[in-house]
Amino acid sequence: MSDVMAEREIDRSQMKVSDEVAVEISGMNKWYGAFHVLRDINLTVNRGERIVIAGPSGSGKSTLIRCINALEEHQQGKIVVDGTVLSNDLKNIDKIRSEVGMVFQHFNLFPHLTILENCTLAPIWVRKVPKKEAVDTAMHFLEKVKIPEQANKYPGQLSGGQQQRVAIARSLCMKPRIMLFDEPTSALDPEMIKEVLDTMIELAQEGMTMLCVTHEMGFARQVANRVIFMDQGQIVEQNEPEEFFNNPKSDRTKLFLSQIL
Ligand code: ADP
Ligand code: MG
């Protein structure tokens, strides 16, 4: 694990959580064929929350967040995102996808499109934003992630950290109200982890609602307001970071923390 968070001072008290619910998951179960991958998930996320989801490989972390933007279907229970109930015959899937941004471990940029085109494609074709406006928005967010000068290059010409920042900018171009991160720094070298975490910290400070699957426990301690621990498809334990790290309740959480810290 990297210690890129070590030298920082982050004032979490400035990051406000509202009373308004952003995501509500109740009694949710999911199977892959016969395999029961998510078990009785109950989770309410308020606006402005920064939630870190931790747990061993295979515990269902990716599946859980992929259910929140309907990349995966669930079979039982209820998921409500921004007031929209996710069902298998969801009509407004584009609305959910534009309100919920997602950043993956392997960036998933379109290799044959420039950085700028990566950032304007969905706004133009999904949100029907006029091209000029989409370009202005893209440049705004590329400046925000500190790589406007890369706009006309292709993903393959950028470092991993730069590509991941493009992926974040691309998501932001859809003006999401919720951001999902699935191990956004796991494929990066330490010096690049820092630049991606910086971008995520800035988003948190601006009040973005965030659910982050990450092994960066420094980020969890300093930025998250809640850490959720999953094992074998269940939420085993959740708490504010201080309590979670200093006073874990379940044996499974204790074992996990002893292995990673
Ligand atoms: P995590 O992100 O915590 O590592 P995942 O959500 O990726 O866990 O996977 C949870 C479990 O579901 C694992 O056992 C994995 O092998 C299985 N799994 C994930 N995706 C699929 C799929 N598309 N089909 C069948 N099984 C899957
Ligand atoms: Mg995963």
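The lining of the largest pocket is made up of 12 nonpolar, 5 polar and 3 charged residues. This is a predicted model, and the pocket in question has a volume of about 530 Å³.

**The largest pocket**

- Of the 20 residues in the lining, Arg97, Met102, Ala122, Arg170 and Met174 are the closest to the centre of the pocket.
- Four elements each supply at least two lining residues: helix H2 (93-99), strand S6 (100-103), helix H3 (115-125) and helix H5 (160-172).
- Helix H3 gives the most to the lining, with 6 residues.

**Aromatic pairs**

- The model has 2 aromatic pairs.
- In one of them, the ring centres of Phe229 and Phe256 lie 5.1 Å apart; the planes meet at 45°, so this pair is tilted.
- Phe229 sits in strand S9 (residues 226-231) and Phe256 in helix H9 (residues 251-260), so to speak a link between distant parts of the chain, 27 residues apart.
- Both partners, Phe229 and Phe256, are buried.
- Phe244 and Phe245 also form an aromatic pair, with 5.2 Å from centre to centre and 90° between the planes, an edge-to-face arrangement.

**Around Phe244 and Phe245**

- Phe244 has a relative accessible area of 0% and is therefore buried.
- Phe245 counts as buried too, because its relative accessibility is 7%, and the cut-off for buried is under 20%.
- Arg221 lies over the face of Phe245, at 4.5 Å from the ring centre.

**Helix H1 and the residue after it**

- Helix H1 spans residues 61-68 and is mostly covered, with 6 of its 8 residues buried.
- Those buried residues are Lys61, Thr63, Leu64, Ile65, Cys67 and Ile68.
- Just after H1, Ala70 takes a positive phi of about 65°.

Conventions
Residues numbered from 1 in each chain as written. Chains lettered and ligands numbered in written order. Predicted model: local features only at pLDDT ≥ 70, side-chain atom pairs only at ≥ 80, totals over all residues. Heavy atoms only, no water. Buried < 20%, exposed > 50% of the residue type's maximum accessible area, 1.4 Å probe, protein only. Phe/Tyr/Trp six-rings, centres within 6.5 Å; stacked < 30°, edge-to-face > 60°. Lys NZ or Arg CZ within 6 Å of the ring centre and 35° of its normal. 1 Å grid on protein atoms, 1.4 Å probe; cavity = no way out; pocket = protein on both sides within 12 Å on 5 of 7 lines; lining within 4 Å. Points joined across faces, edges and corners; volume = space filled by probe spheres on them. Nonpolar A, V, L, I, M, F, W, Y, C, P; charged D, E, K, R; others polar.
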